[in-house]
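User: I am new to this structure. Please take me through how its features get their labels.

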Amino acid sequence: MGAGAISPKRRFRFWPLLLLGLLFCFLGFGGLWLSGSSWLALGHVEVEGLQELSKEELLVIAGIGEPVNLLRVRPELLQHRLEQDLRIRRAEVERKFPWNLRIAVEERRPLAYVTAAYGILAIDRDGTVLNVQRYLKDMRWPFITGISAGQEYIGDKLSQPQVIMALQFLDRLDAKTLEKVSEVHFVTSEKMQLYLLSGAKVRLGDGTKMTEKAQKVQELVEQLGDKLERVDYFDVSFATPVIKFKP
């Protein structure tokens, strides 16, 4: 055999390696093609936690449509994209093979209104400004009065002690009781008073024992029921609440 000739044994080893390489190339290009193919856009998006946003709005924020190709989805990217939106406090995204994508969100929701230089601010439980209106068309949340914000706008966070105090109290009320509150008024810089839709006043005192006071308010509102219309005020700043009825 000549010096430049390839032995049959070495030629035998070469072909399996070549075939294996071609197979890997085929699989790689095939995977790339499938990941971008509309043929695999068969996935359904499951959404949890929506209250104010619609599913369609959420998908627009996430930058995806339905049906979705799960091979093209990067959960960490979608989560980051969702949490960049002011309306979403936190998000969780996961694939549920073979066909589903699960998105769970916690929305930022208004908890109160407060006046400011640019109008009326709708703020969430953290004091983050979610919306600004010149005039209120529909008062869905209690108004914080006796104080005012500055020049904050959408996305800013209020830090005034009175605002934080009022929000901490309102956040401790259950939904049923919160619906009956029209206003949180600061009688002084440290003392709060609630106004209920019935016209009754609730004296809260200072910002201490918020959880205990909120529990007392909930219990009294539930116990009084229709009799709330006859109540002038009740005071929960004492260990035993005081109730005064109208003459």
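Analyst: Start with pairing. Two strands pair if DSSP finds at least two bridges between them. Take L121, which stands opposite V132 in β6. Strand β5 (residues 119-123) and β6 are joined in the antiparallel sense by 4 bridges. The cut-off is at least two bridges, so β5 and β6, with 4 bridges, count as a pair. One caution: this is a predicted model.

User: What does the protein contain overall?

Analyst: The protein has 6 helices and 12 strands. Of its 247 residues, 38% are buried. Among contacts between residues at least 6 apart in sequence, 49% join residues at least 24 apart.

User: Which strands form the open sheet of 9 strands, and in what order?

Analyst: The order is β6-β5-β4-β7-β8-β9-β10-β11-β12, and the pairing is mixed.

User: Why are β6 and β12 said to stand at the edges?

Analyst: β6 (129-133) and β12 each have a single partner strand, so one side of each has no neighbour in the sheet. From one strand to the next, the twist averages 25°. Helix α4 packs on this sheet and touches β4 (112-116), β5, β7, β8 (181-186), β9 (192-196) and β10. The direction of α4 makes about 145° with that of β8.

User: What makes strand β11 largely enclosed by the rest of the structure?

Analyst: Buried means under 20% relative accessible area. In β11 (residues 231-235), 4 of the 5 residues are buried, so the strand is largely enclosed.

User: Which way do strands β10 and β11 run, parallel or antiparallel?

Analyst: Parallel: 3 bridges join strand β10 (residues 201-205) to β11. R203 has D235 as its bridge partner in β11. Together, β10, helix α6 (residues 210-224) and β11 make a left-handed β-α-β unit.

User: And how do β11 and β12 pair?

Analyst: β11 and strand β12 (residues 242-245) pair in the antiparallel sense over 4 bridges. D235 has V242 as its bridge partner in β12. The two strands form a hairpin, with 6 residues between them.

User: Why is K209 called exposed?

Analyst: Exposed means over 50% relative accessible area. K209 has 58%, so it is exposed. K209 sits in the loop between β10 and α6. Its phi is near 50°, a positive value in a residue other than glycine. Most residues other than glycine have a negative phi.

User: What is the order of the open sheet of 3 strands?

Analyst: The order is β1-β3-β2, with mixed pairing. The edge strands are β1 (44-48) and β2 (88-96), since each pairs on one side only. Neighbouring strands are turned by 20° against each other on average, direction ignored. β1 and strand β3 (residues 100-107) pair in the parallel sense over 5 bridges. In β3, R102 is the bridge partner of E46. Helix α2 (residues 55-62) packs on the sheet, touching β1, β2 and β3. Helix α3 (residues 75-83) lies across β2 and β3, running at about 160° to β2.

User: Where does P67 lie, and what makes the peptide bond from E66 to P67 cis?

Analyst: P67 lies in the loop between α2 and α3. The bond from E66 to P67 has omega near 0° and is cis. Most peptide bonds are trans.

Note on methods:
Residues numbered from 1 in each chain as written. Predicted model: local features only at pLDDT ≥ 70, side-chain atom pairs only at ≥ 80, totals over all residues. Heavy atoms only, no water. Buried < 20%, exposed > 50% of the residue type's maximum accessible area, 1.4 Å probe, protein only. Right-handed = clockwise from strand over helix to strand, strands pointing away. Axes fitted to C-alpha atoms, helices over the stretch in contact; angles between N-to-C directions. Contact = heavy atoms within 4.5 Å.
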